[in-house]
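Here's a quick briefing to read with the model open beside you. Let's start with a definition and then go topic by topic.

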Amino acid sequence: MSPLGGGKAGLRSQLFGILSTVAHADSVRIPSNTSIARKQFTSLSPSSRYATSLRSSYDEPDSEIPPPEPTVNRSLRDPESSSRRKGLARRRKSEETGRHEQNEQPQHRRIDIPQRKQTPTSRVNEQSKPTHSVAPPISAPLRYLKGYNLSQPKRRQLRGKIESECAGIQSYGDHAVHPSEYLVREMSLYPLTHIHPSWKKNLKTLYDHKRRNVPVSETWRLLSTEDSEVVRRWIKSILSSPRTEPPPSARWRRLCRTEAARRWPIMILWLLLHSPAQALRFLEVTTTRFSPSFPMVADCFIFLERFHVAEFQDSPKLKSRYTRVLEHCLRPEVLPYLSRDSQTGFRLYLKYCEHHNLVKCFNYVLKNQKFLSLETLFYFTDLFTKNGDISAALTSLRLLIMRFESQKPVGYQKISDRCCNLLKLDRYTRQDDGTISFDILPRILQMGVQPDLSIFNIVVSNALRADDLDTALQIVQLMENQGVTPDSYTHLSILHHAVRLRDHEKVDHVLSKIAKVDSLSTQPHLVSKTLHAMLLFPHNSSPGQTGSMESFHKMLDVYKKSHQIQPLVDLGLVPRSQNDELLSASKSPPSSQALNIMITAHLRTRPHADKIWRYFTRFQGLVASGHPMITPLISTDYVFNSFLMALRFEPQTIYKCFKILNYMLQPLPEVAVQTMKAHHSGPVPLRPAQPSQRTWTILLNTLISHNQMQAAESLYKTMKERGVEINDVAWNILIRGYACNQMVEAAANALKEMERQSWSPDGHTVKALGFIENQELLRTLLDRLDASEPELEKSKLVTKQ
């Protein structure tokens with residue numbers, strides 16, 4: 001009789017009873033005490049009596065007639081069988097000796113004790129009790145069943161492999177993780193190799209053929225020798241069956257380890273090729289007890305993420321299922337303790353984690369001392385920083401610095417970059433005594449991080465973000481005291497904010513520092529910003545035109561340190577000089593920003609109108625000929641607006657202003673288009689930059705300044721027809737024109753229209769209305785317009801209906 005009951009039904013009922021009560025393999029608890037862990041490590045192999053009894057019961061046929069014993073060559077039996085026979089012989093001899101001694105003892109009086117009546121259940125148990133071994137308890141670990149226990153040589157081999165991997169990881173000097181990793185490996189399909197021997201090769205072939213769109217049938221012939229129909233039947237036996245049968249996970253566990261290890265790679269590769277959605281279900285079903293190793297499962301999800309994630313994102317249901325299965329199969333509880341190959345898959349799990357689960361995962365991994373690679377710790381730090389969790393980000397950063405201290409010269413730049421990202425969240429407060437206290441910076445410095453140029457620049461940017469130029473300059477001074485030289489980014493940031501805040505003193509301070517360092521004064525982007533600051537804050541020792549010319553020559557000296565002077569000579573802005581040409585031959589070509597600023601600075605010297613027009617005519621000729629440095633200037637309206645501003649002072653030049661406007665609306669010559677294509681990687685416009693809101697406002701101001709109200713009203717209508725937004729500056733200019741010409745009703749109507757378009761009157765509006773002599777009439781007209789406002793809105797609503 002079978003130890004687990006009579007016949008196939010009895011075997012299955014007992015076996016599934018054991019399977020249903022066994023705890024999940026992932027929930028195996030590892031004692032925290034090191035001594036207990038070492039005791040587990042030395043006694044991980046199952047008892048031989050459990051293995052013998054269950055193995056014989058599983059191999060028993062369906063009928064109750066025992067099968068004939070196969071003929072075994074005694075010379076080929078292993079040592080364990082020999083020792084077992086000797087033990088049985090000794091036990092049999094001791095039993096015979098005991099019976100012999102009992103027979104020699106005197107006969108005692110026999111006492112009849114009434115026995116309890118046995119129930120049918122007890123008789124069944126008595127009949128099914130084996131005589132040659134002891135049946136396992138109902139709570140026996142599942143790894144003792146169906147050949148999942150390893151032989152003694154394999155156990156020693158697995159222990160040696162784990163110890164060598166621990167020795168290869170410097171951060172895992174504690175051997176307490178050995179038993180935990182042993183349990184993980186022993187419960188997998190590939191305990192010794194950790195992955196299938198052909199897995200990497202087949203996966204590489206799969207990736208290569210997927211990228212090259214090789215037919216599926218050809219790919220399958222290279223991946224497996226199994227027939228596709230056979231594999232289809234295997235998959236159907238697991239995933240497709242009536243509801244009356246056990247669930248797919250239970251059907252998968254019916255296979256012995258050898259057969260499951262052979263079939264799993266073939267089945268999953270077939271599903272990845274033919275049905276990614278079914279592959280997702282197969283991974284969920286088989287990633288339970290005695291599943292394939294974590295790296296193999298992670299490789300499957302990486303493949304799905306690389307080639308099929310768009311299919312799962314099409315519907316919310318598929319997206320939710322994909323995320324759920326991924327989080328189940330790659331959860332930190334099944335992450336190996338020592339595997340380096342598992343880190344990419346684990347980072348994929350972190351990618352889909354919500355923040356609270358991310359924090360739980362991080363704490364769980366640290367508590368259980370699971371191996372985390374440098375890239376995974378960096379990824380934890382990046383995610384915590386992105387979510388704004390400063391405490392968790394600092395913890396992961398501290399772990400990075402402590403665990404990989406030996407690799408500090410190699411990974412210090414990456415650590416510095418993470419510190420910079422974290423410092424962007426830093427906040428500081430200024431005390432009453434003038435001292436500055438930071439929140440994150442001191443804690444990073446306590447970890448042993450030496451502040452470099454990048455970290456100082458982030459701290460400077462934090463101060464500038466709060467418009468605190470004094471603090472920014474103090475940090476720059478601290479940099480210099482610690483031997484860190486500020487670079488162009490440092491000075492450029494401070495200069496930009498000083499110009500924006502119109503702080504003339506700070507601008508002069510930064511410009512003087514830049515001028516003292518030759519390496520800074522020749523950098524093109526810093527030169528452009530310096531020229532812009534000098535244009536906005538000119539140092540004029542003389543008033544009027546002389547002072548503007550003096551500022552231009554100072555800017556010209558800064559320009560010549562870095563850029564070629566030839567474009568300015570071609571435009572006629574500076575005279576030709578052989579000495580300057582020789583000096584600028586080795587300089588870099590000027591940027592469009594630098595040229596625009598220099599043209600604007602020269603036009604502000606108020607040259608004669610005829611000379612300005614000659615400059616523009618020469619500019620047109622250079623564009624038509626395809627000048628490599630002048631032609632790109634037409635891509636913006638900056639240079640056109642500068643010419644319009646220079647021509648606005650005399651009424652005789654108004655028609656020339658409209659000629660510039662007409663030039664902006666005409667198509668470019670073919671040579672200019674080809675030149676633009678050579679200097680721009682993107683699409684090239686076939687026309688110059690179209691007139692902007694500023695361009696139209698300059699023309700409107702020019703007409704009104706010369707009392708051309710009829711032309712100004714015509715231009716205003718043209719702006720409305722072209723869809724140009726009339727901003728508050730344009731409204732103030734128009735109101736000023738009406739007020740200066742005592743057109744009170746037109747001024748009142750313009751003011752009401754300005755308010756209807758959500759532009760609030762400001763000081764310039766009040767100043768413009770002050771030019772009206774009859775203020776009483778203005779008030780009367782405004783009151784009348786205010787009173788008619790509700791009736792006008794009601795009529796508009798009726799018209800819409």
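Helices (H or I, at least four residues) are DSSP runs, numbered from the N terminus. This is a predicted model, where local features need pLDDT of at least 70, side-chain atom pairs count only at pLDDT 80 or more, and totals for chains, interfaces and linings use all residues. Residues are numbered from 1 along each chain as its sequence is written, and side-chain values use heavy atoms, with hydrogens and water left out.

**A proline in a loop**
- Pro632 sits in the loop between helix H33 (609-624) and helix H34 (638-646).
- With a relative accessible area of 9%, Pro632 is buried (that is, under 20% relative accessible area, using a 1.4 Å probe and protein chains only).
- Ser592 is 40 residues from Pro632 along the chain, yet their C-alpha atoms are separated by 7.0 Å.

**The nonpolar core**
- A nonpolar core is a set of buried Ala, Val, Leu, Ile, Met, Phe, Trp, Tyr and Cys residues joined through side-chain atoms within 4.5 Å.
- The largest one has 192 residues, and Trp264, Phe301 and Phe619 touch the most other members.
- Helix H12 (residues 257-274) gives the most to this core, with 11 residues.
- Leaving out residues up to four places away in sequence, Phe619 touches Leu571, Ile630, Leu633, Ile634, Val639 and Phe640 (contact means heavy atoms within 4.5 Å).

Note on methods: Buried means under 20% relative accessible area, exposed over 50%, partly exposed in between (1.4 Å probe, protein chains only). Helices (H or I, at least four residues) and strands (E, at least two) are DSSP runs, numbered from the N terminus.
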